[in-house]
Each structure stands twice: as C-alpha cells, then as structure tokens.
Amino acid sequence: MERKKATDFPQELLSIFDRYVHGEISRREFLNSAQKYAIGSLTAVAIWESLRPNYALAQQVANDDKRVISEYVTVSSPQGNGSIRGYLVRPANGGGKWPGVLVIHENRGLNPYIEDVARRLGTLNFVAFAPDGLTSVGGYPGDEERAATLFKMVDEKKMFEDFVASTAWLKARPECTGHIGAVGFCFGGTTVNNLAVRLPDLEAAVSFYGRQPNVEDVAKIKAPLLLHYGSLDTRITRGWPAYEAALKTNHVICTGYVYDGANHGFHNDTTPRYDEAAATLAWQRTIVFFNKYLRG
C-alpha cells in the first residue's frame, strides 16, 4: 500500500484535520469541511480514512526484535490515578545498566507508534518506558476514535501525576543508571515541557511540537531542552519565540528547531503528516542529545 504524503493534500485540509485531532471540531464537522475536497469517487469519509494512522505502514522495530526485551508493567501512582500501566523496553545485550528515557504519547494513549518509538530507543542502548495515560479508563482501546473519547474522560492533573510517578519509577529501576530523560510528541511534548518545570532531576527533555509552559514557570527548568517544531504547525510553533526568549533570560540550556514545510505530527510515520526528512533529522538530533546529557 502506497504511503500518502502531506503534499498529496491541500494544506487547508491538513489544518482542518489537525483541529479535529485535537478536539476542536467533531468528526462530523471535519467531514462537512472536507466535503469540498471530495472529487469524483473520492468521498469526505475516504479523505478522513486516508489521514488516519495506518500502523502497518510504519513499524521500524518488530515486537519480537531480538535486540530488545519488552514487557508491560504496572507502576504505582498514589498521587495520580493509583497506578499506570506501560510498556518497558530494555536492550537485550547482557545485564548492564542504561540511561532511562520516558516516552510520552500523543492524545490517543499508548498506541503502536509510541511502542515502536520505545523499541527504537531500546535498540540504541536506552531503557525506555512508555506509560499509557488511558490506564484509568481501560487503556488504549486499539481504535483512535475511541481513544480520543477516552482521553477526555481522564483527570488531567492525575494523569500528569501518573507521568511524574513513571519518571521516578524508571529512574530507580535496577537496569537504569539513574540518568533520566523524557521525549514526548504533541500532548506528550507538552507534558515533557511541564515535567521539565516540575522535576529538577530530569536531565534531558525533548519535546516534539508540544505547547510551551507558562512563562513564569520557565525559571524552574533545570534540564537541557531540545525542541522540535514544524513551520506549518502555526498553532504550536507561534509560541516558540516567546518561549525561547524566556529560556534565554533564565539561562536554560536549550536548542530549538523549526523544520521548514513540516506539519504538526511530522515525526509520526503512521500518517500522511509524516515528513521523512524532518523526522529523520529530528530523531538523529534527539539521540545525539540524549547521548550527550544522559551518558555522562
């Protein structure tokens, strides 16, 4: 099956889909707006289907890849929802210790794309933990529409505490060196920014197209930051200049990149918004960043 690219769609349509993904409009409203792009036998529903994730197209590290050991575990979170389930991946090459990286999903929960990202980190000698923020409502359901509905049902503050608990748990794991970082995408990118505000012992934070924290909270950030934005993702990227200025004022180590022609979600290789060049470069920079700040 041929992978659709962002350039196969009008940018206005991608922007409308972005609003749908982030809950600003309903599926029905998206279909109504997409109707004007339905030409010939192409229907608005077909457009919607073509923009949704296709996990079969994108897996980079197989579930049974011999380079990693993976399992689902449950972490205690007394200040959050009581507990949170997640996907733990560690290198299979012996019983050593590795830096830890928390992997935080988009606003759909722990889907196959995020699990694959965790496995990618495992093959690069990190111990990765990808918690599922939907645990308290039954976990990622295997359906993006249902996941979006469930996401709105979770207490936002408690979910954040679940991620805080996950970070502490990963840092204390026997196979972790105690050096801990975090990477997140979309909602996860926003969460990583907020974890950098909250956790003084976070040693490296990578945010992919995440919303910026309140300017008055920037002074609390101790972790070096790596921030990735898409130039076409104006909803998020327009907040970067003010964030950058506040980071500089507070002497926070930070590098930010705006990838020309890239949309929100450009790293997610399960959707047409994926930008291979931008995603590859951003991931290379992410690994260099983690190696620099987590391997000491």
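**View 1. Helices α4 and α10 cross in a right-handed manner.** A crossing is called right-handed if the near helix is turned clockwise from the far one by less than a right angle, and left-handed if anticlockwise. The model is predicted: local features need pLDDT of at least 70 and side-chain atom pairs count only at pLDDT 80 or more, while totals for chains, interfaces and linings use all residues. Residues are numbered from 1 along each chain as its sequence is written, and side-chain values use heavy atoms, with hydrogens and water left out. Helix α4 spans residues 112-123 and helix α10 spans residues 276-294; they pack at an angle of about 50 degrees, with their axes 12 Å apart. Helices (H or I, at least four residues) and strands (E, at least two) are DSSP runs, numbered from the N terminus. Axes are lines fitted to C-alpha atoms, for helices over the stretch in contact, and angles run from 0 to 180 degrees between N-to-C directions. The angle makes α4 oblique to α10, since angles under 35 degrees count as roughly parallel, over 145 as roughly antiparallel, 65 to 115 as roughly perpendicular and the rest as oblique. Val117, Arg120 and Leu121 of α4 make the contact (heavy atoms within 4.5 Å) with Trp283, Ile287 and Phe290 of α10. By class, this contact of α4 with α10 has five nonpolar, no polar and one charged residues. Here Ala, Val, Leu, Ile, Met, Phe, Trp, Tyr, Cys and Pro count as nonpolar, Asp, Glu, Lys and Arg as charged, and the others, Gly among them, as polar.

**View 2. Helix α6 packs against helix α7.** The angle between α6 (residues 156-171) and α7 (residues 187-198) is about 65 degrees, and their axes are 11 Å apart. The two helices are therefore roughly perpendicular to each other, and their crossing is right-handed. On the α6 side, Met159, Phe160, Glu161, Phe163, Val164 and Thr167 meet Phe187, Thr191, Asn194, Leu195 and Arg198 of α7. The contact of α6 with α7 has six nonpolar, three polar and two charged residues.

**View 3. Glu161 is placed in helix α6.** Glu161 counts as buried (under 20% relative accessible area) because its relative accessibility is 18%. Neighbours within four places in sequence left aside, Glu161 is in contact with Ser77, Gln79, Gly80 and Arg198.

**View 4. Tyr72 lies in strand β1, residues 68-77.** With a relative accessible area of 41%, Tyr72 is partly exposed; this class lies between buried and exposed, the latter meaning over 50% (1.4 Å probe, protein chains only). Apart from neighbours within four places in sequence, Tyr72 is in contact with Arg85, Gly86, Tyr87 and Glu115. The side chains of Tyr72 and Glu115 are joined by a polar contact of 2.8 Å. A polar contact is a pair of N or O atoms within 3.5 Å; within protein, one must be able to donate a hydrogen and the other to accept it, and residues adjacent in sequence count only if both atoms are side-chain atoms.

**View 5. Asn125 and Tyr209 each have a positive phi.** Most residues other than glycine have a negative phi. Asn125, which is not a glycine, has a phi of about 70 degrees and is found in the loop between α4 and β4 (127-131). Asn125 counts as partly exposed, at 29% relative accessibility. Tyr209, also not a glycine, has a phi of about 40 degrees and lies in the loop between β6 (204-208) and β7 (225-230). Tyr209 is buried, with a relative accessible area of 1%.
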